[in-house]
Amino acid sequence: MMRAKKKPRPSATFAGSALSAMGLALAISGCAVGPDFQPPEASVQDNWIEKSDKRVSNKQVMSNWWRTFKDPTLDRLVHLAAEQNLPVQIAGLRILEARAQLGVAIGQLFPQQQEGSGAATWNKISEQAANRASLPTHAFADYSIGFDASWEIDFWGRYRRNVEAAEAQMSSAIADYDNALVSLTAEVARSYVSVRTFERFIEIARENVRLQKEGLQIAEARFRAGATSELDVAQQRALLENTIASIPDLETGLQRAKNALSVLLGRPPGGVDKLLQGPRQIPSASPRVAVGLPAELLRRRPDLHKAEMNAAAESARIGIAEADLYPRFFLFGEIGVQASDLGKIFAPGSLFLSTGPSFRWSLLNYGRIANNIRAQDARFQQALVNYEDTVLKAAREVEDALVGFLKAQQRAASLQNSVKAAERAVELSFIQYREGAENFQRVLDAQTRLLEERNRLADTRSNIATNLVALYKALGGGWEIRNGKPIVPEIMQAGMMNRTDWGNLLPSETPPPAEQLTLPTPAGQTPLLLPPDYEAAPMPPGRPAN
């Protein structure tokens, strides 16, 4: 560090006073301005609207709900997606980012500036400068090596509130990761149901093609025998070709559903065909469903916990903004050696030292600080209202999916009977047409009706499955699939470690023992894995508990 002249050495009395001031500041640095966060309250109904339905149970929601379909293919797809889905990996990386940001916030509790410095300069003084004649020389060299430190005492809790905000943001990132898994498991199941539904539509179309070809043969035989006109043949052929023409559109929908499933699994389009081998039927589950109680949503749905943690972070930021109203206290220190002759830089007498307390106080801020506090308070209130809104939407999603699931079952039961009646109508119309008892229009009408009823039944069975998937998603099920797994794939960890020193922030490859430390997670949820050597950063005394 360059100095025009040596600084006087501070007295031992002054140094002792500075140390005493430091101790006093540390002793009283436990207060923190701003509100202490209180978890928001949201009103939920005591029970679901469909509580009286015997198919609805208040038992605990299944964590691995997709197994209710008893479909091994779906089970495998869900697990592969949880391991390979790219948006979920991004959500896991955001947890690592939040961990690192928390480390930055904790680091601000300690001396904010700690720098070593050094300089070698050559200086020439103007011959016209004041007091030039009193100086022994107009040119000189200056060499210095020093160390500076500056510490803003967290008197008003500015930095501790910043740590609170960072902790809340990390917990929010974990909830966001869990919510990504909830959405992923539901989307995989929905896409799988879509694949099986299109396969069923194609199967129905081909069954009707076979049936309509049989009708065409009958019409042609009667036409050749002179028992009917060519109109019957033409009408039957038109119906047949129209049914055949519908198959390419269904195959297009099937391929698109497969492509969507491929992307969910982190694979290029066409990468799931081998995984879909097996029985081609729309997944079905028990007509009964366990939905728990509405109040359990507050503990189980990750997006509700995320909204709560976002509010907690905004609450802490009110304190950060409010701390600007008060003076900021600093302890600074500077020590080093300085000489005009490099050979004498470590000689006796070259040491310089400066230390002591200081403060800064923004007085004439023209309302900027007060308005910043108001703006932050408005953001906090927005977060609280958003939490309430998220709770209401969560309850609505459950109710919508639940009534859809129950009513679709009733519709399917009626449609099953309708399909049987339509099949019998086709059979009778063929018999009567052969015998000449009915005209061919009755045959055409019966075949058209059968195709419609079969498609409606398949669509309704698909709706039963998709409504059940939507119900479990609305209930917040699916994030439990991460239990016992790292949040970032092993191969990605290796690449990141080769590129950057991540210390102990990366999760471990294998599940840790139960006694290991864990990250904070929503109540009732299994914590994420931490590496064996992870240590929670100690918090200073006096930090208000959330």
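Okay, quick definition before I start: when I say polar contact, I'm talking about a pair of N or O atoms within 3.5 Å, where one must be able to donate a hydrogen and the other to accept it. Keep in mind that this is a predicted model.

So, the overall picture. The protein has 10 helices and six strands. Of its 546 residues, 44% are buried. And if you take the contacts with a separation of 6 or more, 82% of them come from residues 24 or more positions apart.

Let's go to Glu152. You'll find Glu152 in strand 3, which covers residues 139-153. Is Glu152 buried or exposed? Its relative accessible area is 5%, and buried means under 20%, so Glu152 is buried. Here's where that polar contact comes in: the side chains of Glu152 and Arg328 are joined by one of 2.7 Å. Setting aside neighbours within four places in sequence, Glu152 also touches others, including Gln112, Tyr159 and Phe330.

Next, a helix pair. Helix 2, residues 72-84, packs against helix 4, residues 158-224, with the axes 10 Å apart and an angle of about 140 degrees. Why call that oblique? Well, over 145 degrees would count as roughly antiparallel and 65 to 115 as roughly perpendicular, so helix 2 and helix 4 come out as oblique to each other. Their crossing is right-handed.

Who's meeting whom there? On the helix 2 side you've got Leu74, Leu77 and Val78 among them, and helix 4 brings residues including Leu184, Val188 and Arg196. By type, the residues of that contact are 10 nonpolar, two polar and one charged.

Note on methods. Residues numbered from 1 in each chain as written. Predicted model: local features only at pLDDT ≥ 70, side-chain atom pairs only at ≥ 80, totals over all residues. Heavy atoms only, no water. Helix = DSSP H or I, 4+ residues; strand = E, 2+ residues; numbered from the N terminus. Buried < 20%, exposed > 50% of the residue type's maximum accessible area, 1.4 Å probe, protein only. Contact = heavy atoms within 4.5 Å. Axes fitted to C-alpha atoms, helices over the stretch in contact; angles between N-to-C directions. Parallel < 35°, antiparallel > 145°, perpendicular 65-115°, else oblique. Left-handed = near helix turned anticlockwise from the far one by under 90°. Nonpolar A, V, L, I, M, F, W, Y, C, P; charged D, E, K, R; others polar.
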